Amino acid sequence: MSETVRKATTEEIINHWVLAVSCILLIITGYGFLFQLKQVYALFGSNYAMKVVHNWTGIVFSIALFSTMFSYLHEALSMDSDDWNWLKMGGGYLTKKAVAVPPMGRLNTGQKLYYLVIVIVGLGIAVSGFIIWLVPGIRTLTIVAHLIHNLCFVLFVVAVPAHIYLGTLANPGVLRIMIDGMVPLEVAKKRYPKWMKEIGKL
Amino acid sequence: MATTPANRKALLISPEVCIGCRGCQTACKSWNQLPGQKTINSGSYQNPPDLTPSAYNIIRYSEVPSGANPVQWLFVSRRCMHCGDAGCMKICPAPGALYRTNEGAVAFDKEKCIGCKLCIAGCPFDVPRYDAQGKVSKCHLCFDRIAEGLAPACAKTCPTGAIKFGDRDELISLAKKAGYAKVYGEADLTGLGTLYAFKDAPRIYGMNDNPAIPESVIFWHNVLKPLAVIGLGGVVAGALMHYVAVGPHKDDEEVKKS
């Protein structure tokens, strides 16, 4: 076995899967609410049961979302000229040729931006969701919260599938980071040169 | 929906004919087996002061004195308006909780209600109430009676004809023949199922001149709901196209080769 480096800790991996599963469950039930889908409601036994599942999954999602801030927020907020250049060439995703992208740290620019979007939109959908759930019947408040909740939902159903694609089909091999957290050293040197320099591997 | 203009039923309420006896409130409670409530003295005959989970309809007693008419005391029966374009049904996330009957009434099924209270936000008339079990409660136009060809309890019991029940089109022409130039609810929200024959501006009778579903709810319905489908579909299609046209990154293989 060639040498590997740890990209994600066990805590990060568990937190990610809690976030992922709760998010997908919320999206499925969310579509059920949005279009009154009887087939989706039927999965949960009764209308009321699906509401309970959606509400309590929202708590799990919110806790997992909050936990990510300790792992990535600081890194996601620190960007430099390499990030700008990475963005200008679309991270190398726009061409068939293997192109040299600017050197990246542990997170690349796309991951930083995705993370920031998820934190902001996630906060929006969580707070508005708790308002709809816990302080109902105040007309103006509900109307505003309902609008925010649904705006954030649209952003989620666009961002999340893109994230899943980039983490699986578009980049074979990276899914392993969310399974055992490891990356082969040679791959890590190519993908995260700045980070590898920091920890003395390059 | 089997509701057509031809078979749509409605109530026509004529405040000037109402004597304020509240027989409608009592008949409603009787037919729908709703518990009584302790009355509250708020300085008027109006009791209860507003719609409640066990008061599907009330008579509003409004004193609206004016120069020409120093003793103008209006009795206005208030309940669900059974809108043609119902904000409550539009925003409701639970299938079957609020539904349209064949006669055009907006009825509810407490078993299917999830108690989210979004209908309160969608209603232009502040009608839906929630019972102690957290389920929606409101006038359902006695859907069980009208399906069998009977009049709703309130209309059946009204001694003066202030609450009339019948085919919506017929009630509108009846009111026009009686000299009411404009029938409140004739065209609002694609036509209300509770019509009013007002002699004066609706606001004198405590009604909104231009009732409407909140703009944000309409925006959500017309824009955000389709976007939630187009957005997801677009990203999935985009990912597939990227996979075919550009293909995946092959970091692992490139590293192995070098």
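These are my notebook entries on what I looked up in this structure, which is a predicted model.

**Entry 1: chain A as a whole**

I began with chain A and found eight helices and two strands in its secondary structure. Reading from the N terminus, I noted the elements in the order β-α-α-α-α-α-α-β-α-α. I then looked up the extent of the C-alpha trace of chain A, and along its principal axes the trace spans about 60 × 35 × 35 Å.

**Entry 2: helix 1 and helix 3 of chain A**

Next I took a helix pair inside chain A. Helix 1 (residues 10–34) and helix 3 (residues 47–77) of chain A have axes that come within 8 Å and cross at roughly 145°. I recorded the crossing of helix 1 past helix 3 of chain A as left-handed. On the helix 1 side I found, among others, A:Glu12, A:Asn15, A:Val18, A:Leu19 and A:Ser22. The helix 3 side of this contact includes A:Met50, A:Val53, A:His54, A:Phe61 and A:Ser71. Sorted by class, this contact of helix 1 with helix 3 of chain A holds eleven nonpolar, ten polar and one charged residues.

I also stopped at the loop between helix 1 and helix 2 (38–42) of chain A, where A:Gln36 lies. A:Gln36 is not a glycine, yet I read a positive phi of about 50° for it.

**Entry 3: helix 5 and helix 6 of chain A**

I moved on to another pair in chain A. The axes of helix 5 (residues 109–134) and helix 6 of chain A come within 8 Å, crossing at roughly 145°. Here too I noted the handedness: helix 5 of chain A passes helix 6 of chain A in a left-handed crossing. From helix 5 of chain A, the residues that meet helix 6 include A:Tyr114, A:Val117, A:Gly124 and A:Ile132. Their partners in helix 6 of chain A include A:Leu141, A:His146, A:Phe153 and A:His163. I wrote down the classes for the contact of helix 5 with helix 6 of chain A: 15 nonpolar, seven polar and no charged residues.

**Entry 4: where the chains meet**

How many residues does each chain bring to the contact? I found 38 residues from chain A and 34 residues from chain B. On the side of chain B that touches chain A, helix 3 (118–122), helix 7 (215–245) and helix 8 (251–257) of chain B each supply at least two residues. Helix 7 of chain B gives the largest share of that side, 14 residues. The chain B side divides into 23 nonpolar, five polar and six charged residues.

I then followed helix 7 of chain B across to helix 6 (residues 139–167) of chain A. Their axes lie 8 Å apart, and the two helices pack at an angle of about 5°. Angles under 35 degrees count as roughly parallel, so helix 6 of chain A and helix 7 of chain B are roughly parallel to each other. Among the residues making this contact I listed A:Ile143, A:Leu147, A:Phe153 and A:Tyr165 from chain A, with B:Trp220, B:Leu224, B:Gly231 and B:Val235 from chain B. By class, the contact of helix 6 of chain A with helix 7 of chain B has 19 nonpolar, four polar and no charged residues.

**Entry 5: chain B, its domains and its sheet**

Chain B is divided into domain 1 (9–205) and domain 2 (215–257). I noted 47 Å between the C-alpha centres of domain 1 and domain 2 of chain B.

Which order do the strands take in the open sheet of four strands in chain B? The order is 8-1-10-9, and the pairing is mixed. Strand 8 (163–167) and strand 9 (183–184) of chain B are the edge strands, each pairing on one side only. Strand 1 (residues 9–13) and strand 10 (residues 194–197) of chain B run parallel and are joined by three bridges. In strand 10 of chain B, B:Leu195 stands opposite B:Leu12. Helix 6 (residues 168–177) of chain B lies across strand 1, strand 8, strand 9 and strand 10 of chain B, running at about 125° to strand 8.

My last stop was a peptide bond: the one from B:Asn47 to B:Pro48 is cis, with omega near -10°. B:Pro48 sits in the loop between helix 1 (23–32) and strand 2 (58–63) of chain B.

Definitions and conventions. Residues are numbered from 1 along each chain as its sequence is written. Chains are lettered from A and ligands numbered from 1 in the order in which they are written. This is a predicted model: local features need pLDDT of at least 70, side-chain atom pairs count only at pLDDT 80 or more; totals for chains, interfaces and linings use all residues. Two residues are in contact if their C-beta atoms, placed from the backbone, lie within 7 Å. Ala, Val, Leu, Ile, Met, Phe, Trp, Tyr, Cys and Pro count as nonpolar, Asp, Glu, Lys and Arg as charged, and the others, Gly among them, as polar. Axes are lines fitted to C-alpha atoms, for helices over the stretch in contact, and angles run from 0 to 180 degrees between N-to-C directions. Angles under 35 degrees count as roughly parallel, over 145 as roughly antiparallel, 65 to 115 as roughly perpendicular and the rest as oblique. A crossing is left-handed if the near helix is turned anticlockwise from the far one by less than a right angle, and right-handed if clockwise. Domain bounds come from an automatic or database domain assignment. Two strands pair if DSSP finds at least two bridges between them.
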